[in-house]
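Here is a set of questions and answers on helix packing and aromatic rings.

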Amino acid sequence: MGRSLAVLAPRLANLDAWIARERPPDPTIDLQRLAARRQRLEQHARPGLLTQSRRDDRRLLQGLDERQRELEAMADRRAAWLEQHGDTFVYRDQLAAQVTARRAALGADAVSTQPDHLVQLIGPVPEDGAGRERWSRLAGRVEAYREHWCIEPGDIHQPPLDGTQYQEWNAAVKTVQMIERINQPHLEHGLERGLGIEL
């Protein structure tokens, strides 16, 4: 059970949510914009002259310098936090790799066993290598959804009420259904481009 997506996927999602919530913001873009703004100002400002406009330039430059110090302090706090939680990110990458490997394994197992619910949804496994690979990816997507949410084969066509689960059902079962409709020769050309689906 420990390598099941019913365990791995929620664990990874919870860890990603914690990282997104706790990780200090990255001020890199703001620092770059500030540096560009300061450079433009320095090309035209003459803060040493004793005129009102030049005194304004000097105050503006001082304000930009203060903001730069704040952003640099934010960058230092972020760097320290990332270093302090290095083990957390290693663990997160390990979880992500396990999830990816499990999805691939589910697809490979489906190619071997060709369960009825997948054959009905996707069709039989093609004979050619590229077709088998494509079938395996689609099957792995469906089986990953089933394993994550503990869905019986007969229930895969039922849209779930839970928002998060529905998003995964939509990306797995419903999308696979649409892809298979597109690949039917009697359908009009151009539908695939209209849906914007990538395999």
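Q: How are α1 and α6 oriented to each other?
A: This is a predicted model, in which local features need pLDDT of at least 70, side-chain atom pairs count only at pLDDT 80 or more, and totals for chains, interfaces and linings use all residues. Residues are numbered from 1 along each chain as its sequence is written, and side-chain values use heavy atoms, with hydrogens and water left out. Helix α1 (residues 5-22) and helix α6 (residues 129-149) pack at about 85° with axes 7 Å apart. Angles of 65 to 115 degrees count as roughly perpendicular, and α1 and α6 are therefore roughly perpendicular.

Q: Which residues of α6 make the contact with α1?
A: Contact means heavy atoms within 4.5 Å. On the α1 side, L5, A6, A9 and P10 take part. The residues of α6 are A144, E147 and H148.

Q: What kind of aromatic pair do W81 and F89 form?
A: The structure holds three aromatic pairs. Rings of Phe, Tyr and Trp (its six-membered ring) pair if their centres lie within 6.5 Å; planes under 30 degrees apart count as stacked, over 60 as edge-to-face and the rest as tilted. The rings of W81 and F89 have centres 6.1 Å apart and planes at 80°, so the pair is edge-to-face.

Q: Is W169 buried or exposed?
A: Buried means under 20% relative accessible area, exposed over 50%, and partly exposed in between (1.4 Å probe, protein chains only). Y166 has 31% and is partly exposed. W169 has a relative accessible area of 5%, so W169 is buried.

How values were computed
Axes are lines fitted to C-alpha atoms, for helices over the stretch in contact, and angles run from 0 to 180 degrees between N-to-C directions. Helices (H or I, at least four residues) and strands (E, at least two) are DSSP runs, numbered from the N terminus. Angles under 35 degrees count as roughly parallel, over 145 as roughly antiparallel, 65 to 115 as roughly perpendicular and the rest as oblique.
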